[in-house]
Every structure is written in structure tokens, then in C-alpha cells.
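Have the viewer open and click along as we go.

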Number of protein chains: 2
Amino acid sequence: MLDCLQEYNIDANIRLLASARSKGKVINDLVVEELTPESFKGVDYVLGACENDVTKKWMPWAQEAGCVVIDNSSAYRLDDNVPLVVPEINPEDIFKHQGIIANPNCSTIIALMALHDIDNLYHINRIICTTFQAVSGAGVKGISDLEREIQDIHAAPEAFQYQIAYNVIPQIGGFDENGITSEEWKMQNEGRKILHSPDLKVSCTCVRVPVWRSHSESIMAECDQEVDLNEIRQALSHSEGVQLKDDPDQLIYPMPILTTNQDDVFVGRLHKDPTDESGKTVSLFCAGDQIRKGAASNAVQILKKLIEKENQA
Amino acid sequence: MLDCLQEYNIDANIRLLASARSKGKVINDLVVEELTPESFKGVDYVLGACENDVTKKWMPWAQEAGCVVIDNSSAYRLDDNVPLVVPEINPEDIFKHQGIIANPNCSTIIALMALHDIDNLYHINRIICTTFQAVSGAGVKGISDLEREIQDIHAAPEAFQYQIAYNVIPQIGGFDENGITSEEWKMQNEGRKILHSPDLKVSCTCVRVPVWRSHSESIMAECDQEVDLNEIRQALSHSEGVQLKDDPDQLIYPMPILTTNQDDVFVGRLHKDPTDESGKTVSLFCAGDQIRKGAASNAVQILKKLIEKENQA
């Protein structure tokens, strides 16, 4: 996030707040302060990146101090009073905020970056998605699980349920009574809100894979109208934050290693679903860095829109 | 395959045939002979495991010598005179052979092991599948690519288009004019023949992942009737060659590391597709060792059925 603030030329006095455990650590020449109820006094904008329970604890303090919070947790994403924003998709929602703007789920951001132009063209009514999610999606312990297992395959996992090296794990989040995980519901719940598409249906299977960074997704989108691949390619080639990588004969298609440490979401493997004779279903593969566009960059892009608006006023 | 012959108690004089390059090599105490037009004289059964072009060269010699060939290549799989067999699914087809029996594609075998009971119960009309395919599916060079890249991330790949370590590659096989790969068409073409289901529609996205052995697959199967998950679980729990691993709250679901070096296909993550309100679509995740059940064991199981029938006669 600090890197993104610099790259997006956000000129601000930055303070780092964390728990007492991290107090005094130095990150990019900034000393971490302990977060207390008084911390937010005089602060304009807060970029939140905590677990839900921690976020819920400090949010009232930030609200009390009159801060605008851009929050990465999922605690407030579905609240009616909280805009849920991907700046390339629904920037107008930013300015409806009442003190909190939520940053969406990482896989959801990446999928919707690939899909929102298709939704604009033909209105998507159903999405079927299988994800390939990087270990860094589970934080530093996810990375260290894979690091340690590559050195010693018998190392005990800390972030994941099982060994992730040379394996795939079809569980991200906890299961509901229907056998669907919390992560798998996010794309429908958050996608409806971001696309302003209350009837959107999403069936998602979320799978962890031994990739350091960048989530990939295999997606079928069923639309209300017949799709035209060239029209889709045209739209995606002009889509901000998207790179069309769709020349399979030249071995050009999205892969996680290509998108690591950059903001653009790569989209390719575009073809009509051969099992839908109506021609209304498009199949694609996309990849994006879930730490960048799936989290930090998206939050900083929201902040930049807020600051631009303020400077205009 | 030699291991499988032993495990399945196939008592036979075994000869190993290969190109001149391998002549004289010793495998399991057997000396490799050079394959010539005369090699098949006096041979009853041939287990073929060559590329298509090589297979097409020696097949007439084997036919001339009156051998029954169980062939792992894809050269003859779709021929009308050649049964395509998974012994747990369509064993009766074995005995319609005219000298050649084809062993199906690995991903297809694994998917159909998970699906044939569901097809029997409700008749599947459409399958949507995303695969997670192990490097060993590309042979020894696939394994060595991953081994070398784990040691040195800049090692040049030989089997794959790109680095596979810490990456996923959405290409297996070549692309047709619609942007669909040869591997992605196999599940429909071969599935129709094995299930005797000429109208079956399959949309598949095949992806290589950095896993040593065992392919995993995320599958949605749309049926003619509403599905009953308990009925499916009941059927799968009695299905030969299948292990139901479907207790997600206890972290029990299929994963490739669990099926390595064994014949059974694991099936789990069973749930109704929430986006199909008719209740006719079931979602599942399965994994199976593509070297064992996806190739060698399936061929040896076919051979065993042939020998049993011969002994009965």
C-alpha cells in the first residue's frame, strides 16, 4: 500500500497504525504507532487492512474523528450505507459514502475487471467460475507455508489446511450448510452490488494453488444476448486497467507470473461456450495480482478519486 | 504399467518393445527389445503407450500377427470399430473389439469415474469442467521442467510453453480455429462414446498446475432431472474405483496429493449449483492419479477383463 501511494503520487503525511506488538517497527522510514481511540484525530483518510473483528473495533473511533475510511476487510462490504467500489467499474458510487468505502474481495475485483465490459454490452445473468488463488492471498503465513514446504515437504502448514506445495486445496474460507465456502459466495454478493445487478447469479469454486502471487480464474459468463467475440475484444482492448492477452496461437494468454506486481488484469482464452447453442455464453481466463489490483492498488485508486474531487471543490 | 501388471496378478510372459534407442535397457529385470515388424509374432496382448504417429506405424504389424492391442494413444479412440473403455463404466464394450481397444484420455477417465453414477441416475446433458493437470501428464520432461525450475527459476522449460513452477498455464494441446484446445475437446468426444450419450455437451478449460501427479477437476454437471445429493452420495459410496471424500466441515475433500500412486478417484465438494434454480445441476471436485487410473491401471484392468473372459471360455 505504501508503494502504491508513492506510485500514484499521493502527496500526504502518512502515519502507520498497528497493534502494540508492531509498535516501533520501521517500514519505509515510517515508525509504526500503536492504534488507540485517539489515533485518528486530525486524520483525513484511513486505509484499513485488518481482519473483520479488529476493523469493527477501531471503525467507530475513525468515524468519531470524521475520517473517511477505505476498508479492505469484508466487515462492511454489504452494508447499504457503504459503497463497494472498483474505480474502473462504479466510480460514481465512491461519492455516496457516509464515511466508509469498502474495497471488494480480491477474486471478485479480478473477475469483474474482466467481465464488466461484457456486462455492459450484453448484461451477464450467470457466472460460473473456478479460481486458482495464490498463497499470498492468505498473507505472510501463506507465503511462508509454501517456502518452508519447498525446502522440506514435511514442514507443518500454518496458513493452510494441508500441504500446498505440489498440491491444490479446494477450500478457501469456511463452509456453509450447503457446502459452499464464504469465499465462494463473495463473487455473487459483491458482484451484484458493484455491477448494480441485483439478480446476478454466481457459482464459484475457489481453489488454492502453489503460486506466489496473482489469482487466475476460469470463467463462463452467460448473457441475456448473443455475444460477439470481436466486439468483446474491442471493448477489452480499450478497457482501463485491463490488458487483452488473447492470441493463443502465439501462446499469448493470461498467466499469474505475467501479472505479478502490476495493476492490470490480463484477459484471454476468449471463446464462445460450445455447449450453449444460443451463443449467449462466453468463456475466458483471466489473471491479476490480488495484492495490487485485488487489494492495495484498488484502495489507493479510490483514495485518488476522493482527493481529486476534493481538489476540484 | 509393469507395476500394475504385477499388482493385478497378471501372470504372463512379458516382453518390452521400444525404439532402437532404448534397446538393451533393463527395466524390472526385463531387457528392452527393438520393435520390428516381426516383434508381435506369438504375442497375445499388446499394451501400447506411444505417440499417435508411432502407434499408427506399428499397429498394422500387431494386427497382422493377430494380437489384441490395448492402446493408450489417442490415434484410434474415436474409430467406430474401436471400443473406448473405462472398465467400471462400459465393460461390455470391451468384447466388441476387432483387435484394438482404446484407453481414454486421462482427464476424461477421471471426470467420468466421478460422473457416470450421476449420469445413470439423472442423465447428464451438459458438463462444465476446469482441470488442474499435473506436470507428469506431459511425461518425464514435464516432471523435469518442474524439478529444474524449483532449483533455478530461470531454467528453460522443455515440456511446457512457459515456467510451470509457481505458475499455472491455460494451455494443454494445440488450439483449433475457435480457440479451444485438442485436450479440451477430448472430454466431449470421448465422453459421448464411453457413456453412450451421443448428445452430451462438454465445455472444458484445461490448465497445467505445478503438481507432480494426479489431475484435479472442478466440474458442474447439468442433468435432465432434479438431483438428490444424498442419492448421489449413496451411489458414489458404492461405486467401484471411487472414494467419496465429502465431509468439508471435517476438511475432507479430494486433493491431488491424496490420490498419488493409487487407482481410486476421489470425489467430494458435492453441492447443488446455486445458480440453477431447477436443481438439476450438481457441482463437485474430483482428483485421480492420471498415470494410474488415467492410463496404466485402466489399460491393465481392461486386459484383466479380457483374460478372465478367455479363461471362462
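Cys106(A) counts as buried in this predicted model, because its relative accessibility is 17% and the cut-off for buried is under 20%. You'll find Cys106(A) in helix α3 of chain A, which covers residues 106–122. Setting aside neighbours within four places in sequence, Cys106(A) is in contact with Glu183(A), His215(A), Gln290(A) and Gly294(A).

Now click on His215(A). This histidine sits in strand β9 (residues 215–223) of chain A, and His215(A) is buried, with a relative accessible area of 0%. Beyond its neighbours within four places in sequence, the contacts of His215(A) include Cys106(A), Ser107(A) and Ile110(A), along with Phe132(A), Gln133(A) and Ala134(A). Also among them are Arg208(A), Cys286(A) and Gln290(A). Take a closer look at Ala134(A): its backbone nitrogen lies 3.0 Å from a polar atom of the His215(A) side chain.

Next stop, Thr130(A), in strand β7 of chain A (residues 124–133). Is Thr130(A) buried or exposed? Thr130(A) is buried, at a relative accessible area of 5%. Leaving out neighbours within four places in sequence, Thr130(A) touches Thr205(A), Ser216(A), Glu217(A) and Ser218(A) in chain A, and Thr130(B), Phe132(B) and Ser218(B) in chain B. With Ser218(B) there is a polar contact, side chain to side chain, at 2.8 Å.

Last, a word on the cysteines. How many disulfides does the structure hold over all chains? The count is 0. Cys67(A), for one, is in no disulfide, and the nearest cysteine sulfur, that of Cys50(A), is 14 Å away. Cys67(A) is buried, with a relative accessible area of 3%.

Over in chain B, Cys50(B) is in no disulfide either, and its nearest cysteine sulfur, belonging to Cys67(B), is 14 Å away. Cys50(B) counts as partly exposed, because its relative accessibility is 30%.

Conventions. Residues numbered from 1 in each chain as written. Chains lettered and ligands numbered in written order. Predicted model: local features only at pLDDT ≥ 70, side-chain atom pairs only at ≥ 80, totals over all residues. Heavy atoms only, no water. Helix = DSSP H or I, 4+ residues; strand = E, 2+ residues; numbered from the N terminus. Buried < 20%, exposed > 50% of the residue type's maximum accessible area, 1.4 Å probe, protein only. Polar contact = N/O pair within 3.5 Å; in protein donor to acceptor, adjacent residues only side chain to side chain. Contact = heavy atoms within 4.5 Å. Disulfide = S-S within 2.5 Å.
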